[in-house]
Amino acid sequence: MHWLLYSYCIIFTLIWCLLKIKAMYHFAIVPNLEKFQTSENFPLKKISIIIAACNEEKAIASALLSLLKQDYPDFEIIVVNDRSTDSTGAILEQLAKTDNRIKLVHIKTLPDGWLGKTNALHQASQLATGEWLLFTDADIHMRSDTLTLAMQYALSKQYDHLSLFPCSVTNNFLLQAMISTFRIMFLESAKPHKVSDPNTQDAIGLGAFNLVKKDIFKKSKGFEWLRLEVADDMGLALMLKQAGARPGFGYARKHITFSWYDTVGEMFKGLEKNLFPVGGHFKISRLIIIPMVLFLILSAPVVSLMQYDNDWIFTLGIFAYLLLFALSIFSRIYMKAAIIPTLLHQLGLILFIYMFIRSGFMCLKRGGIEWRGTVYPLDLMRKHQRVRR
């Protein structure tokens, strides 16, 4: 039995190590917007900023005010109040009266066969008058020079689509650990070095910042193609690349911030609709296999450290944790993330496994996903799923 235990330790600890090295590599190669400097002054075309807001009374006012303070010379903000039941609509009405750059759309009913957000983004995109479209979320805050810098960067690189990674702000220690885990898993699974390669289908889109050239958006299949896609931001990136867009990706830790969730409980509820569809593809087999594989990987360094009688495996366990410590330093350097929450990566993975299983269980129990009070049948969601990671 020793050979079986040793084989497990070697194989899965090596997988752990390779994943952490991959994450550090991606930390290092992704461009950082704050380091960008251009010697040219590119003409800045009009941007239509598009936001879908549903029950965002806590965040929407401050987010919009940060956008209104942008030093960009020509932009409009199209905000869609998507069937909000709180005071979001009233707040938006008041803000729209103070600045004519805000165009407000109220949606009271949801068409059949659409998710609320994709329908809202679709409606807003039809009204946009800018040569560029910026799809962003209702809780995003941007530094005043963000639009100018991002547009100059996109034009200098001749990008048709630019997505920027924001910085999540929270004082909740456990939530910091969870956010750090999601960041690491993203960097382990994504392929940012292939995003701009036209010969691949690798694409990255983030809801915080998706800047799109309108001409290429018109050539794409549009939100009609994404009408039932829960990962609409990644779907948008995939759709644009299929339409021939030249995409780019970068960090914007100082320029774009948001508060993802206030508590871990809110995160559990908020991601319930996403994890099983995107990661599990609505398949029971993946609901079983993915948690098992993740648990084998996260536990392997611990088990390796317990093999005192085998110097090689014990040393491999130490190396695995040294890599985790190095990764926490990388996370601190590139994303200003706290070191200790990053070191709790294994705890974060355990919580993620629980969230993933819960997402799958609730989806199968309901016979579909529940989003904003509407249940979408499983067969319908499978049929229209575009993003499979």
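Contact means heavy atoms within 4.5 Å. This is a predicted model, in which local features need pLDDT of at least 70, side-chain atom pairs count only at pLDDT 80 or more, and totals for chains, interfaces and linings use all residues. Residues are numbered from 1 along each chain as its sequence is written, and side-chain values use heavy atoms, with hydrogens and water left out.

Q: Which residues does Glu272 touch, not counting residues up to four places away in sequence?
A: Glu272 lies in the loop between α9 (264–270) and α10 (275–280); helices here are DSSP runs of H or I with at least four residues, and strands are E runs of at least two, numbered from the N terminus. With that sequence exclusion, the residues in contact with Glu272 are Arg358, Ser359, Met362 and Arg366.

Q: Is Glu272 buried or exposed?
A: Buried means under 20% relative accessible area, exposed over 50%, and partly exposed in between (1.4 Å probe, protein chains only). The relative accessible area of Glu272 is 7%, so this residue is buried.

Q: Which residues does Met355 touch, not counting residues up to four places away in sequence?
A: Met355 is one of the residues, with Phe182 and Met267, that touch the most other members of the 65-residue largest nonpolar core, a set of buried Ala, Val, Leu, Ile, Met, Phe, Trp, Tyr and Cys residues joined through side-chain atoms within 4.5 Å. Under that exclusion, Met355 is in contact with Met178, Phe182, Met267, Phe268, Leu271 and Leu275.
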